[in-house]
Amino acid sequence: MTDRAIRRLRLASGLVLFAYISAHLINHALGVISLDLAERGLGLAVLIWHSRLGTVLLYGAAAIHFGLALRTVFLRRHWNLPVIEIIRLASGFTLPFLLIGHVVATRVAGVFFDIPSSYGRVVTLLVASGSQGWQLALLTPGWLHGCLGLWITLRRFDWARRLKPALITVLVAMPLVAAFGFLRMANEVDVGPLAVAMRQPSAEARAGLIAWQTSLTRGYLVVIGLTLVAGQLRHRWMARQSQET
């Protein structure tokens with residue numbers, strides 16, 4: 001596969017993931033107005049991303065983008081990169097943590113444990129467990145990665161450079177508005193013992209979801225570690241072969 005084809009695949013898959021992250025942030029931002037509006041936004045997002053086409057696009061794009069990221073790690077001889085590239089790569093590798101959480105909380109929960117997707121349920125349980133900060137922290141790196149990737153692609157155009165101040169404003173404002181919306185929703189939900197108990201999955205379901213998320217997260221970290229080690233071993237072998245010839 002040519003470098004041009006790889007760049008196009010990376011851009012196309014990245015745009016799909018960026019659309020998903022943007023939709024997630026916009027849904028959170030709707031919470032600034034009301035929890036009910038955010039629920040309706042979530043319903044639309046579920047309609048799109050849980051459809052057959054949406055499923056293929058989202059998880060296909062995630063697989064392609066992740067595969068290309070592993071390729072970069074495997075082929076990288078050194079890590080003396082510009083700061084913007086280091087930030088982009090570091091933030092990009094946090095995105096699968098969000099996707100793993102999404103898969104477990106929506107697809108796995110719905111398919112295997114018959115738990116519906118609902119902002120009310122999710123926000124209630126996050127607030128009750130004190131995990132809302134972690135949820136917000138996971139969204140921002142994915143958004144940053146997508147914005148930096150788009151900027152690296154578009155910065156050669158004059159119109160993009162002219163719009164740079166506006167783009168920076170959107171880059172900073174979107175996660176802040178989404179965070180405010182999430183906190184606004186947190187203030188609307190009932191986190192009393194009865195409400196939490198009613199929205200809490202059964203003990204068996206909780207154990208199953210935790211097991212799924214733990215296994216997927218460990219698998220993700222192991223794949224990254226093995227790819228990094230294999231890449232370094234490859235470079236050392238190539239260097240030794242070069243010295244011998």
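In helix H2 (residues 35-49), Asp36 and Arg40 are four residues apart, which means that about one helical turn separates them. In this predicted model, the two side chains form a salt bridge, with the closest N and O atoms 3.2 Å apart. Arg40 is exposed, with a relative accessible area of 56%. Asp36 has 47% relative accessibility and therefore counts as partly exposed.

The structure holds two salt bridges. Helix H8 (residues 158-162) contains both Arg161 and Asp158, three residues apart and thus separated by about one helical turn. Arg161 pairs with Asp158 in a salt bridge whose closest N and O atoms are 2.2 Å apart. Arg161 is partly exposed at 40% relative accessible area. Asp158 is also partly exposed, at 47%.

The largest pocket has a volume of about 1,400 Å³. Its lining comprises 46 residues. Arg10, His65, Leu68, Arg88 and His145 lie nearest the centre of the pocket. Two or more lining residues come from each of helices H1 (3-30), H3 (52-75), H4 (83-92), H5 (95-113), H7 (132-154) and H11 (203-244). H1 gives the largest share, 12 residues. By class, the lining divides into 26 nonpolar, 10 polar and 10 charged residues.

H11 has 42 residues, so at 1.5 Å a residue it should span 62 Å. The end C-alpha atoms of H11 are 61 Å apart, in agreement with that expectation. Buried positions in H11 are Ala205, Gly208, Leu209, Thr217, Tyr220, Ile224, Thr227, Gly231 and His235.

Conventions
Residues numbered from 1 in each chain as written. Predicted model: local features only at pLDDT ≥ 70, side-chain atom pairs only at ≥ 80, totals over all residues. Heavy atoms only, no water. 1 Å grid on protein atoms, 1.4 Å probe; cavity = no way out; pocket = protein on both sides within 12 Å on 5 of 7 lines; lining within 4 Å. Points joined across faces, edges and corners; volume = space filled by probe spheres on them. Nonpolar A, V, L, I, M, F, W, Y, C, P; charged D, E, K, R; others polar. Expected span 1.5 Å × (residues − 1). Buried < 20%, exposed > 50% of the residue type's maximum accessible area, 1.4 Å probe, protein only. Salt bridge = Lys/Arg side-chain N within 4 Å of Asp/Glu carboxyl O.
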